[in-house]
Amino acid sequence: MSAPNSAYPDTPEAQPEKPKRHEWPLWEIFIRGQHGMSHRHVGSLHAADAEMAIKNARDVYTRRNEGVSIWAVQASHIAASSPSHKGPLYEPSESKVYRHPTFFDIPDEVGAM
Amino acid sequence: MHDNATFEFLCRMGDNTLVLGHRVSEWCGVSPVLEEDIALANTALDLIGQTQMWLGLAGDIEGKGRSADDLAMLRDVWDFRNLLLVEQPNGDFGQTLMRQFLFDAWHVRMLQALTGSSDKRIAEIAAKAVKEASYHVERSGDTVIGLGDGTAESHGRMQAALDLLWPYVGEMFICDDVDEAMKSAGIAPDPNDLRAGFDSHVTQVMTDATLLIPEDDFAHKGGKNGHRHSEHLGHMLTQMQWLQRAYPGASW
């Protein structure tokens with residue numbers, strides 16, 4: 001049984017009626033690198049609260065000077081698309097090459113785009 | 001004479017970070033959770049890195065050609081100048097973090113003061129190390145609060161750790177001949193001057209952690225002057241130094 005909208009829909013939860021005890025919540029970690037413009041997902045970890053998630057992320061994911069900013073999001077707060085809906089969600093756009101703006105002649109005056 | 005005292009002082013700084021760094025590294029691979037395992041390994045590596053700088057400078061000032069590695073691996077117990085606090089065994093995870101916090105709360109203040117040292121080399125090492133120590137004390141303080149104000153089990157263990165380790169706090173603030181010499185040369189602060197800041201910081205954290213600081217101010221001493229280390233240091237050194245003892249001169 002996969003929970004709807006879980007970030008890991010293909011991973012069955014261990015008996016949802018009997019929640020695992022002594023396990024900290026899962027957090028997804030996003031880090032903005034030295035020259036990066038946006039935060040990128042780097043992985044996940046466990047932590048008791050948001051503050052601890054940031055500290056753990058600092059120790060787990062920035063030990064080689066990877067980042068200048070950390071975001072931590074509790075995994076259960078992420079809504080995710082389901083892999084089983086791959087067909088209806090993504091396949092229709094495969095055949096619509098005209099959505100790529102490659103069929104227009106760009107006037108020279110426009111310059112680099 | 002002045003250089004002798006500086007050598008002693010640098011051995012104190014370097015041996016503190018060496019011995020504690022080794023102790024913390026003993027958790028590598030066996031911490032309660034993966035995140036803490038990596039965090040503790042990072043802390044241990046920070047401390048060992050600081051050791052290289054302190055003992056490297058100590059060797060230079062001594063002028064007998066001893067490197068940081070020589071000082072770390074080829075001295076025996078009686079030549080070590082670390083505080084008794086840092087050589088105490090890890091115990092459980094809570095005891096390790098309590099030891100870490102008590103050390104960090106002193107260490108960060110000592111390093112802060114050393115950034116203004118009259119010796120430029122010492123000031124530079126301190127400026128680098130104080131950033132690491134500021135993070136260490138934040139992390140260890142938060143963990144002490146989390147566990148102290150946690151379950152009945154964790155609270156009990158943290159109180160026991162504080163009761164066990166508190167008698168090792170006083171040694172950090174004892175001022176002896178070496179400290180006097182450092183103070184008058186403007187190299188290092190009077191250890192007493194660090195006490196007020198330490199006390200208010202530790203009191204705040206222990207209050208948040210719902211832990212009681214023991215009233216008895218009895219202090220074990222003999223570590224930083226090398227007169228009387230606890231029996232634990234020798235056992236630790238047999239582990240830490242065995243490779244250099246078994247294969248003298250071995251290198252990568």
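**Exercise 1.** Determine which element gives the largest share of the lining of the largest pocket, and describe that pocket.

*Solution.* Begin with the elements: helix 6 of chain B provides the largest share of the lining of the largest pocket, namely 6 residues, where helices (H or I, at least four residues) and strands (E, at least two) are DSSP runs, numbered from the N terminus. This is a predicted model, in which local features need pLDDT of at least 70 and side-chain atom pairs count only at pLDDT 80 or more, while totals for chains, interfaces and linings use all residues. Residues are numbered from 1 along each chain as its sequence is written, chains are lettered from A and ligands numbered from 1 in the order in which they are written, and side-chain values use heavy atoms, with hydrogens and water left out.

Next, take the volume, which is about 880 Å³ for the largest pocket. Of the 28 residues that line this pocket, Trp24(A), Met52(A), Thr143(B), Gly146(B) and Leu147(B) are the closest to its centre. At least two lining residues each come from helix 1 (50-61) of chain A and from helix 2, helix 5, helix 6 and helix 7 (152-165) of chain B.

On terms: on a 1 Å grid over the protein atoms alone, a pocket is an open set of points with protein on both sides within 12 Å along at least five of seven lines, a cavity is a set where a 1.4 Å probe fits but cannot get out, and lining residues have an atom within 4 Å of a point. Grid points are joined across faces, edges and corners, and a volume is the space filled by probe spheres set on the points.

Finally, sort the lining of the largest pocket by class: 8 residues are nonpolar, 9 polar and 11 charged. Here Ala, Val, Leu, Ile, Met, Phe, Trp, Tyr, Cys and Pro count as nonpolar, Asp, Glu, Lys and Arg as charged, and the others, Gly among them, as polar.

**Exercise 2.** State how many cavities of 30 Å³ or more there are, and describe the largest cavity.

*Solution.* The count comes to 2 cavities of 30 Å³ or more, and the largest has a volume of about 90 Å³. Its lining includes Phe9(B), Trp106(B) and Lys224(B). Helix 1 of chain B supplies the largest share, 4 residues, and by class the lining has 7 nonpolar, 1 polar and 4 charged residues.

**Exercise 3.** Find which helix gives the most to the lining of the second largest cavity.

*Solution.* The second largest cavity holds about 70 Å³ of space. Helix 2 of chain B gives the most to its lining, with 4 residues.
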